[in-house]
Amino acid sequence: GSGRRWGRCGRSPRKSVQGWLAPGCPSRAWGAPRAVLLNKSLLTRPVVACTTTLDQPTLAHQIHISPRSYAGSKAASLHWTSERAVSVLLLGLLPAAYLYPGPAMDYSLAAALTLHGHWGLGQVITDYVHGETSVKLANTGLYVLSAVTFAGLCYFNYHDVGICKAVAMLWSL
């Protein structure tokens, strides 16, 4: 083989000049200083794998990923592409709304702005809300907020001047 023998070291890791070493693993440096890690969260990590040769040892890492990331499916890629498409669509809708105001443009803006905001706030929830119950409550709140936003914009478009004319009126102040 390659001359490697992998062992399991059950005590806390220590730091050498070249990298992390588990106790009992040979050091690659002559007289290298060794500091014991005092951080409790690092001491409770999984067991360290080390080599008994002079090769660089490796540390087994535990990576935490969100449940949404487990899938790794094409749906995530399609969602990302859809988000970018709506962003680009908004870049075109804004000048078009100024040049060609009307009901079709008002409702298109209402849908695109609501969807863009929904997806953006959904990413905030994914990144910053933790815990099963908290995530469910936050997502429920997001769906309610998005529905109320879309309904409010549609109501404004139907019963008032509409988004395009309202923005034009604000600019004329």
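Modeller: Helices here are DSSP runs of at least four residues, numbered from the N terminus. Keep in mind that this is a predicted model.

Colleague: Fine. Which helix is Tyr128 found in?

Modeller: Tyr128 is in helix H3, which covers residues 103–128.

Colleague: What does UniProt say about Tyr128?

Modeller: The unreviewed UniProt entry puts a "binding site" annotation on Tyr128.

Colleague: Is Tyr128 buried or exposed, and why?

Modeller: Exposed. Tyr128 has 65% relative accessibility, and the cut-off for exposed is over 50%.

Colleague: Now Thr114. Where is its place?

Modeller: Thr114 is in helix H3 too.

Colleague: Buried or exposed, that Thr114?

Modeller: Thr114 counts as buried because its relative accessibility is 10%. Buried means under 20%.

Colleague: Which residues is Thr114 in contact with, leaving aside neighbours within four places in sequence?

Modeller: Thr114 touches Leu109, Ser146, Thr149, Phe150 and Leu153.

Colleague: Switching to aromatics. How many aromatic pairs does a search of the whole structure find?

Modeller: One. Tyr98 pairs with Trp171.

Colleague: What are the centre to centre distance and the angle between the planes for Tyr98 and Trp171?

Modeller: The centres are 5.6 Å apart, with 55° between the planes. That makes the Tyr98 and Trp171 pair tilted.

Colleague: Which helices do Tyr98 and Trp171 lie in?

Modeller: Tyr98 lies in helix H2, residues 74–99, and Trp171 in helix H5, residues 163–171. So the pair ties together parts that are 73 residues apart in sequence.

Colleague: And are Tyr98 and Trp171 buried or exposed?

Modeller: Both Tyr98 and Trp171 are exposed.

Conventions:
Residues are numbered from 1 along each chain as its sequence is written. This is a predicted model: local features need pLDDT of at least 70, side-chain atom pairs count only at pLDDT 80 or more; totals for chains, interfaces and linings use all residues. Side-chain values use heavy atoms; hydrogens and water are left out. UniProt positions are given in the numbering used here, feature names are shortened, and annotations may be inferred rather than shown by experiment. Helices (H or I, at least four residues) and strands (E, at least two) are DSSP runs, numbered from the N terminus. Buried means under 20% relative accessible area, exposed over 50%, partly exposed in between (1.4 Å probe, protein chains only). Contact means heavy atoms within 4.5 Å. Rings of Phe, Tyr and Trp (its six-membered ring) pair if their centres lie within 6.5 Å; planes under 30 degrees apart count as stacked, over 60 as edge-to-face and the rest as tilted.
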